Amino acid sequence: MEALIDDSVSVIGVHAMGGIGKTTLVKEIARKVKGKLFDSVVIATVTQAIDIGKIQNRIAELLGLKFEEQSTHVKALRLREILKKEERILVVLDDIWAKVDIEEEAWDLFKKAGDCVESFGLKPTATEVAKKCAGLPIAIATVAGALRNKRLFEWKNA
């Protein structure tokens, strides 16, 4: 509960062997903080076979939304927009079996926005620029699009 109150904490992990009651604990905490510490609480199950689109749809559904888009990239942008409008929202991802690498996903999004990042010797600089975008889909898409087909010195300046 202390970590949920602390604004400098953005991710909390609850892990232990299966069947010990992690899901029950997290659901009870979510119930207690909804309407008090958080305006909304969303719980999505990840499972062993991670399906980003399914998780996005579940989060949207719990927020009263429905996606017409099929692209996980577009869904990510829309969800980010919506989540930023909420004062405070608690997103619980339950049943995660493997590490979810946010930086890996940010780099994939960065590459989609500008294919040139893999060529012209730009990759180390482009990777650094992607990290500076802090995983924010709008920032990644905007920066990568602005730097598309630019020279190395322009990437370094960015």
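**Reading salt bridges, a helix face and a core**

Q: Which residue forms a salt bridge with Glu28, and how far apart are the closest N and O atoms?

A: A salt bridge is a side-chain nitrogen of Lys or Arg within 4 Å of a carboxyl oxygen of Asp or Glu; here Glu28 pairs with Arg31, and their closest N and O atoms are 2.5 Å apart. This is a predicted model, in which local features need pLDDT of at least 70 and side-chain atom pairs count only at pLDDT 80 or more, while totals for chains, interfaces and linings use all residues. Residues are numbered from 1 along each chain as its sequence is written, and side-chain values use heavy atoms, without hydrogens and water.

Q: How many salt bridges does a search of the whole structure find?

A: The search finds 3 salt bridges. One of them joins Arg58 and Glu61 (2.9 Å, N to O), which both lie in helix α3, 3 residues apart, about one turn; Arg58 is partly exposed at 34% relative accessibility. In another, the side chains of Asp7 and Arg88 meet (2.7 Å, N to O). Asp7 sits in the loop between α1 (2–5) and α2 (22–33) and Arg88 in the loop between α4 and β2, so the pair ties together parts 81 residues apart in sequence. Asp7 is exposed at 63% relative accessibility, while Arg88, at 26%, is partly exposed.

Q: Which residues of α3 are buried?

A: Gly53, Ile55, Gln56, Ile59 and Ala60 are buried in α3. They cover an arc of only 160° around the axis (taken from the directions to the C-beta atoms), and therefore lie on the same side of α3. Lys54 and Glu61, on the other side of α3, are exposed.

Q: Which residues make up the largest nonpolar core?

A: Such a core joins buried Ala, Val, Leu, Ile, Met, Phe, Trp, Tyr and Cys residues through side-chain atoms within 4.5 Å. The largest has 9 residues: Val42, Ala44, Val46, Ile55, Ile59, Ala60, Phe67, Leu79 and Ile89. Both β1 (40–45) and α3 (52–62) supply at least two residues of this core, and the largest share, 3 residues, comes from α3.

Methods:
Buried < 20%, exposed > 50% of the residue type's maximum accessible area, 1.4 Å probe, protein only. Helix = DSSP H or I, 4+ residues; strand = E, 2+ residues; numbered from the N terminus.
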